[in-house]
Amino acid sequence: LAGARAQLGISDLPDAVRGVSDATVEAAGSGDDYEAARARFDRIYFTNLLHRCDGSVTAAAQIAGISRGHLHRRLNELGLDAEDARQQRRQGPT
């Protein structure tokens, strides 16, 4: 992997090992300003987090390391609703 170099660097590792997913790359966008890229990333992050926590805002806030109030404000800013994740949990896998 490192070629002629004596050590591997992080950039030598595959994206999956480095923790870079297609969603992360897509969220970063190409040519977008910082705020637009951050909003897209946050939307993906918080949507996945809510699904992981079955729509529990309390659990999601604990994992994210932020207060419930902060998470609620951010969800509102992004147009996300925890109820959507709870409904999907009730409906089961599709």
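Predicted model: local features only at pLDDT ≥ 70, side-chain atom pairs only at ≥ 80, totals over all residues.
Leaving aside neighbours within four places in sequence, V57 is in contact with R68, L71, H72 and A82.

**The chain as a whole**

Let us step back for a moment. The chain has 6 helices and 0 strands, and from the N terminus on its elements run α-α-α-α-α-α. Of its 94 residues, 21% count as buried. Among contacts with a separation of 6 or more, 41% are accounted for by residues 24 or more positions apart.

Now back to V57, which has its place in helix α4. Is V57 buried or exposed? V57 has a relative accessible area of 7%, and buried means under 20%, so V57 is buried. The buried residues of α4, which covers residues 57–64, are V57, A60 and A61. Why do they lie on the same side of α4? They cover an arc of only 100° around the axis, and this puts them on that same side. A general rule about helices is handy here: an α-helix has 3.6 residues a turn, so residues three or four places apart point the same way. Just after α4 comes G65, with a positive phi of about 75°.

**Helix α5: one side in, one side out**

Which residues of α5 are buried? They are L71, R74, L75 and L78. Their arc around the axis is only 100°, which means that they sit on the same side of α5. These buried residues pack against α3 and α4. On the face of α5 turned away from the buried side, you will find the exposed residues N76 and E77. E77 shows a relative accessible area of 57%; the cut-off for exposed is over 50%, so E77 is exposed. After α5 comes G79, whose phi is positive, near 70°.

**Two pairs to look up in the structure**

| Pair | Apart in sequence | Apart in space (C-alpha to C-alpha) |
|---|---|---|
| V57 and S67 | 10 residues | 9.6 Å |
| E77 and R43 | 34 residues | 9.7 Å |

E77 belongs to helix α5, while R43 is in α3. That brings us to how these two helices meet.

**How α3 and α5 pack**

Helix α3 covers residues 34–52 and helix α5 covers residues 68–78. They pack with their axes 10 Å apart, at an angle of about 120°. The two helices are therefore oblique to each other. The crossing in which α3 passes α5 is left-handed.

Which residues of α3 and α5 meet? From α3 come A39, D42, R43, F46 and L50, and from α5 come L71, R74, L75 and L78. The residues of this contact divide into 6 nonpolar, no polar and 3 charged.

If you compare the two lists for α5, you will find L71, R74, L75 and L78 among the buried residues and again in the contact with α3.

Notes
Residues numbered from 1 in each chain as written. Heavy atoms only, no water. Buried < 20%, exposed > 50% of the residue type's maximum accessible area, 1.4 Å probe, protein only. Helix = DSSP H or I, 4+ residues; strand = E, 2+ residues; numbered from the N terminus. Arc of directions from axis to C-beta. Axes fitted to C-alpha atoms, helices over the stretch in contact; angles between N-to-C directions. Parallel < 35°, antiparallel > 145°, perpendicular 65-115°, else oblique. Left-handed = near helix turned anticlockwise from the far one by under 90°. Contact = heavy atoms within 4.5 Å. Nonpolar A, V, L, I, M, F, W, Y, C, P; charged D, E, K, R; others polar.
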